[in-house]
Amino acid sequence: MSLGGYHFDWSAVLSGQPLDWLLHGMGVTLELTLLAGVMATLLALVLLSLRLAGPRPLQWIGAGYITLFRNTPLAVQLLFWYFGGVVWLPESARNWLNAGHQLFGIGFPSTELLVGIWSMGLFTAAFLAEELRAGVRAVPQGQLEAARSQGFSQWQSLRLVILPQALAHAWQPLVGQYLNLLKNSPLAMSIAVTEIMYQTSQIESFNFHGIEAYAVASVIYLLLGVVLSAVLTSLNPSPAGLRSNRRAD
Amino acid sequence: MLTKLFYYPVIHENLGYILVGNLSQGEPGGLLLTVLLAVSSGLIAILLGFGLALIHWFAPRWLQRGLWLLSEVVRGIPLLLLIFWLYFLLPMWLGRSAPDAVSVVAALSLFNAVTVMISILAGLHALPAGQREAAQASGFSRWQTLRLVLLPQALSHMLPSFVNLFVALIKDTSLAFIVSVPELTMISSQVNNREQVYPLEIFLFAGFLYFVLCSVLSLGAAQLERQLRRNK
């Protein structure tokens with residue numbers, strides 16, 4: 001196949017060493033996305049409870065965190081943690097990380113990957129927390145008042161009455177944020193995390209078949225996005241009635 | 001000591017370079033280039049996105065499907081990958097090499113144009129159907145209905161979301177550093193490589209500059225939104 005004088009050679013990407021690189025890169029991308037996603041979710045829930053039920057100073061800290069992390073680029077945050085943040089670790093911990101280890105028979109994440117997960121987890125948490133808060137705000141005030149008047153404590157009303165409805169409101173935007181996490185993951189190549197884009201650049205300099213590599217990478221990302229979106233959408237915990245009424249208010 | 005926590009002299013010595021790059025040699029860089037990249041991509045994206053939305057509005061079904069597919073692909077792959085694509089394809093299309101900054105602007109423009117198209121269409125479809133029916137019943141043509149009745153209402157609702165899009169765009173210009181365009185992130189990383197021992201100071205300062213730029217605009221967007229809601 002030839003286009004504009006360029007001859008496509010798919011076997012330069014889909015066989016031998018380049019194929020191994022791409023498969024490895026896919027594994028790293030998944031690892032990065034899933035672990036950062038779990039971390040971001042837990043942190044976002046903490047941030048949300050700080051903002052909703054915490055004492056005043058903790059509410060400010062939660063709000064400050066969200067503003068700070070949302071208004072600076074992920075690239076700068078990655079570089080900050082990779083070059084700056086690692087210095088805060090004790091030297092013994094740094095040496096241990098750099099030495100490489102086995103965990104459950106697979107390689108323990110490299111320092112680069114750990115910093116990638118850490119940075120992307122912190123970054124994404126701010127966006128998830130903001131979507132969750134928008135979901136909470138979409139729940140009518142009367143719901144909280146009704147729950148309190150039935151004798152639920154503030155915390156019980158939040159957990160049992162408000163949060164399930166807020167999740168239903170926020171589910172699609174939340175799925176969008178997890179997809180953003182997947183699509184932001186190539187930035188980790190800037191700190192030498194060996195994910196998909198890192199591998200395509202390696203193929204490009206290995207045999208100059210960058211275009212084929214980008215095409216394959218595009219297909220991989222589109223497929224991963226479709227799968228991730230379908231899985232998360234099907235996990236929607238909200239009652240069917242709420243789901244179809246989402247746009248009613 | 002405060003200077004132990006944050007060694008300011010390293011910022012002071014490199015301040016000019018961080019803010020404008022090698023501007024005196026005619027090569028703008030740093031914060032200035034970040035703003036230039038964002039503003040030029042933003043303007044192209046608004047115009048192109050507007051054009052795409054108009055085409056979509058009047059287009060036959062097959063063309064609408066094509067535009068939808070384009071937007072799914074452009075927004076479904078990582079923005080960095082889109083930059084790499086244009087980095088390779090632009091020289092092929094233009095028949096000569098293009099500066100790296102041009103491929104970055106092209107990618108950012110395309111990505112945001114598609115987003116603008118989607119939000120304009122969503123804004124138009126969110127208007128009550130009666131608006132269109134009433135206009136057409138009063139003898140307005142399809143074009144007049146769109147231009148005089150629907151667009152003015154839809155656009156005023158969308159203004160805050162365009163500002164937020166621009167904030168995201170400012171942050172996205174930092175991707176340019178992966179293809180070595182000397183904007184703020186690239187320059188900071190260069191200064192960091194040269195100085196070696198002050199990464200915290202350098203990247204905190206870069207983050208601070210982005211933060212000021214983005215949070216001022218975000219606050220403006222929130223203010224605008226409140227005002228629009230009040231005027232409703």
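Axes here are lines fitted to C-alpha atoms, for helices over the stretch in contact, with angles between N-to-C directions running from 0 to 180 degrees. The model in every view is predicted.

**View 1. Helices α4 and α6 of chain B cross at roughly 130 degrees.** The view shows helix α4(B), residues 61–76, against α6(B). Their axes come within 9 Å. Angles over 145 degrees would count as roughly antiparallel and 65 to 115 as roughly perpendicular. The pair is therefore oblique. The crossing is left-handed. From α4(B), the contact uses B:L70, B:S71, B:V74 and B:R75. From α6(B) come B:L110, B:F111, B:V114, B:T115, B:M117 and B:I118. By class, the contact residues of this pair are seven nonpolar, two polar and one charged.

**View 2. Helix α9 of chain A packs against helix α5 of chain B.** The crossing is left-handed. On the α9(A) side, the contact holds A:G210, A:I211, A:Y214, A:A217, A:S218 and A:Y221. They meet B:L81, B:F84, B:W85 and B:F88 of α5(B). Eight of the residues in this contact are nonpolar, two are polar and none is charged.

**View 3. The contact between the chains takes 27 residues from chain A and 30 residues from chain B.** On the side of chain A that touches chain B, the elements giving two or more residues are α2 (56–70), α3 (74–84) and α9. Helix α9(A) supplies the largest share, eight residues. By class, this side of chain A has 17 nonpolar, nine polar and one charged residues.

**View 4. The largest nonpolar core has 116 residues.** The members that touch the most others are A:A129, B:L80, B:L81, B:L82, B:I83, B:V104 and B:A107. Helix α6 of chain B, residues 100–126, gives the most to this core, with 15 residues. A closer look at B:L80 shows contacts to both chains. Leaving aside residues up to four places away in sequence, B:L80 touches A:P186, A:L187, A:M197, B:L175 and B:I178.

**View 5. A:A192 and B:S180 each have a positive phi.** Most residues other than glycine have a negative phi. A:A192 has phi near 65 degrees. A:A192 lies in the loop between α7 (154–184) and α8 (196–207) of chain A. A:A192 counts as partly exposed because 14 C-beta neighbours lie inside 10 Å. B:S180 also has phi near 65 degrees. B:S180 sits in the loop between α8 (142–172) and α9 (184–195) of chain B. B:S180 counts as exposed because 12 C-beta neighbours lie inside 10 Å.

**View 6. A:E31 lies in helix α1 of chain A.** This helix covers residues 16–53. A:E31 has 18 C-beta neighbours inside 10 Å, so A:E31 counts as partly exposed. A:R56 is 25 residues away from A:E31 along the chain. The C-alpha atoms of A:E31 and A:R56 are separated by 37 Å.

Key. Residues numbered from 1 in each chain as written. Chains lettered and ligands numbered in written order. Predicted model: local features only at pLDDT ≥ 70, side-chain atom pairs only at ≥ 80, totals over all residues. Left-handed = near helix turned anticlockwise from the far one by under 90°. Helix = DSSP H or I, 4+ residues; strand = E, 2+ residues; numbered from the N terminus. Contact = placed C-beta atoms within 7 Å. Nonpolar A, V, L, I, M, F, W, Y, C, P; charged D, E, K, R; others polar. Core = buried A, V, L, I, M, F, W, Y, C linked by C-beta atoms within 7 Å. Buried ≥ 20, exposed ≤ 12 C-beta atoms within 10 Å, placed from the backbone. Parallel < 35°, antiparallel > 145°, perpendicular 65-115°, else oblique.
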